[in-house]
Structures are given as structure tokens and as C-alpha cells.
Amino acid sequence: MKLLKHISLACLVAVIAASCTKEVTDNQMEVGAVSITIDIPQISASRASEAGAGDENHIKELKLFIFDALTGALEMVIPIDPTQSENGNFSWDNTSRRLTIPDFHLPEIERTVYAVINWTIAPADLAAITTVDLLEAALTTIAAPIAAPTKELPLVMSGKANNFFSTKKAIAIKVNRQVVKFEITVTLDKKFTDAFPTYVFDQGTIELCNAPNSSFVCEQTTPALPSGNVMFSYAPEALPATRSMTLYAYENPTSGTNDPQATYLILKMPYAATAGGAKTENNYYQLNIANQTDVANPTRTLRNTLYRMKVSVDGFGSDIPNPNVVQVTTTVLPWDAEDVTSSDGVFVKLEKEAIDLVCETPQSFVIKVDDVSKTTVTGNGNANNKFTIEKSTEKGTITLNFTSDDLTTNAITPAYDILTITRGKITK
């Protein structure tokens, strides 16, 4: 295996300059400035206040790997400290997340550019990555639950783009997070509590089970568990007063309905027949992931995806986990879609070129835009879901009224639609 040679940036510039002289003489190649922009996942306005959400797209450090797309051979690795505008001979704009390489070889060959963010790797292991295949085979491994992201311990993200820099000098690389996000909300069904009015239930605990302890750093074309992966369970975590919780884990692309390796959760909710009475500790409910929109692989979980699990406790559990004694509704959504939960109108300011709004129940909401006439709305997801649009040029708003004739009997449960609002380009 050919070892990656570490060349200082100064030496790299000298090599490029020397090559440039020959290339100009031979009139075969040229050297020019190129730019690479990192398109990170966006945090929607409605989720920005959630614990840890503000750090879900934080960049602590970044590495760019540039490969020859035909041979897969590594050409260079560019480490970037986003707190510094000058990174050796390269410049970094942290606002636009754009790297500029002033002297870059521009032969008529295709390059594969990988962006890997917040990935901790030993120098010796980094030096061993000499091809794109070796980068795509690289893993991260954990021995403990993945904690909510912070600026000091942010989430790993990666993405790639292919490009002929000889004809296109600027590209953007969209990156995705390496992990899965679970949002769990537990409620006690009113019919159940009305039938047992004296019973007192604890807040309960949630345990994430069959979580992979390793994952590929880079997204796979066909997701799979790494060879030698070990499944483990998170320690039970107490539900807060709201009985809502957010957890993160590596993706588990299992297939089949009853795959023994599928990720699932266990809810434990002790109870007493009367306040202060003897407590029944072993009251368990198994919460299975049931993705109704992926019939072939209903239990699999994929990176950069949100799995919202609404749990309705409508009966007593068992002394061992049993998936048949509790109702679990799993909605699989884009992690960064704008979440609309109010039924009496939600005000959303559209600051990006486009934004997604997820609608699970009939509701209306208002969108503030720069130019009503240049804004379009399209829907996808469940074809039975409908929405009407009211535009107000005077107020600069669009009111969307989301309705459905078939929220409970259609093939997708729960029924939801993703409305994409696209702002037309504003000429200033």
C-alpha cells in the first residue's frame, strides 16, 4: 500500500508552482483558483430552541479529501480550522463556509472531493488513507451512548461531490450527519386512566436497545452494518416531566419486520394502585420502529433522519417487554424539515431559498416572504392530503390551509405531507 506523504503547505505550493511552470510551457494544463462551499444541514426555526439542537450542525474542524475520480488515488488532504480565515495557503470564509484554493491544478480530469467534519482520527490512521475506497471504509466506534451534541463534542458529518475543475471552478458539497435522531413522546391514554382513576404512574424510563457501536464515517450508497459491529443497549434514561426525550444513535439499516438486530426501545413505567401504595416495578413496554412508508424495511434507521415516535400507553405492560401492549406511531421525516404543530396558525419567516413544512394534522399557518409573486408551494408525500393557498401581496404573506379527506384510512399512517415553499430570486 502506498503511504500518504505528508507535505507541508509551503512545500505543496512550491510543487504546484514548479508544475505550473512546466504546464504553462507545454500548454497542457493550467493552475487557477477554485472554491469549495460546504452546505451543512440547517436547523429549522421551530427546533432551534430544543436542547442540543443549536449544536447539531456545528463545525469544530473540517478535512477535505481530494481524489482522482478515475483512479481513486488521493491527491491531497486539506485540514481546516474554521476559527481561522487563513489555513496555510488556503483561505476559509466561516460565514459562507467556503474554502478558496488559489493555486490548484486544473487538468481535464474529474476529481472526487469529500468533506468530513468533526472526525477525530489519529495521524497514523489518516496517513493510511491513500484511496477513496479506504476513506469510505473508515469507521468510527463508540462504547457508550452518543450524547446530545455540544460545540466541544459535535456530530460527525460528511458528503462528497464530483467535479471537473477545468470547466467549473466552484462547487458545493452537501453534508449529512452520521447519526440517527429519535424523538420519543409518551402519553397515557385518557380512556385507560379514566378506567383506573386511583392508579399513579411514574414518569418512566426509556432504554434504547440494539444500537450499533460502529458506523461508516461516510454515507454508503447501499447502507449496511460494518463487519464486526457489536450491538449494545443504552442505559435506561428517566423521562422528564413532559415525557418527551431525544436520543441519538448510529444508523441500523436492517431489513425485515422481525429482524433480531433491529433497533428498538423499552419503556419502563412503574405504577401503584393508589398514591403511596405498593409499587409494581416491572411494567414494561417494547417500542418497535414501524416505518409505514418503507414497507420492505420497516425497522431500519438511516443517518441524518428523524424518527418521531408517539407512544400511547393504553393498558398495563408486562413483566418483560412486549411490543403488543402499547400503541407506537412512528413518523419518519427529514431531520431538518420545519415542524408545524399548532392548529391555529403558525408564523414562519422564510429566510432561505426553500423550506420544508411537515403537516401531520389539518392546520393552517402563515409564511412571511420577501416577494409573494415569486414564491411557489409544492406538496409531496401522501397524495390524498390537500392544501389551499391564499396570497397577500399587501402583507407579504402566504397563508396555507392544510386539509385531508383521508387522514386515518390511507396507506400511509400517520398521514402527513411535506410542503416545500420556494422563494423566487429577488432582484435588488
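**Note on a predicted structure: pocket, sheet and overall figures**

1. The lining of the second largest pocket comprises 13 nonpolar, 5 polar and 3 charged residues. Here Ala, Val, Leu, Ile, Met, Phe, Trp, Tyr, Cys and Pro count as nonpolar, Asp, Glu, Lys and Arg as charged, and the others, Gly among them, as polar.

2. The model is predicted: local features need pLDDT of at least 70, side-chain atom pairs count only at pLDDT 80 or more, and totals for chains, interfaces and linings use all residues. Residues are numbered from 1 along each chain as its sequence is written, and side-chain values use heavy atoms, with hydrogens and water left out.

3. Of the 21 residues that line this pocket, Asn118, Thr120, Leu153, Pro154 and Val156 lie nearest its centre. A pocket is an open set of points on a 1 Å grid over the protein atoms alone, where a 1.4 Å probe fits, with protein on both sides within 12 Å along at least five of seven lines; lining residues have an atom within 4 Å of a point.

4. The protein has 4 helices and 33 strands. These are DSSP runs numbered from the N terminus: helices (H or I) of at least four residues, strands (E) of at least two.

5. An open sheet is formed by 5 strands in the order β3-β2-β7-β9-β11, with antiparallel pairing. Its edge strands, β3 (74-80) and β11 (176-177), each pair on one side only. Two strands pair if DSSP finds at least two bridges between them; β9 (residues 157-163) is joined to β11 by 2 bridges. Ser158 stands opposite Asn176 in β11.
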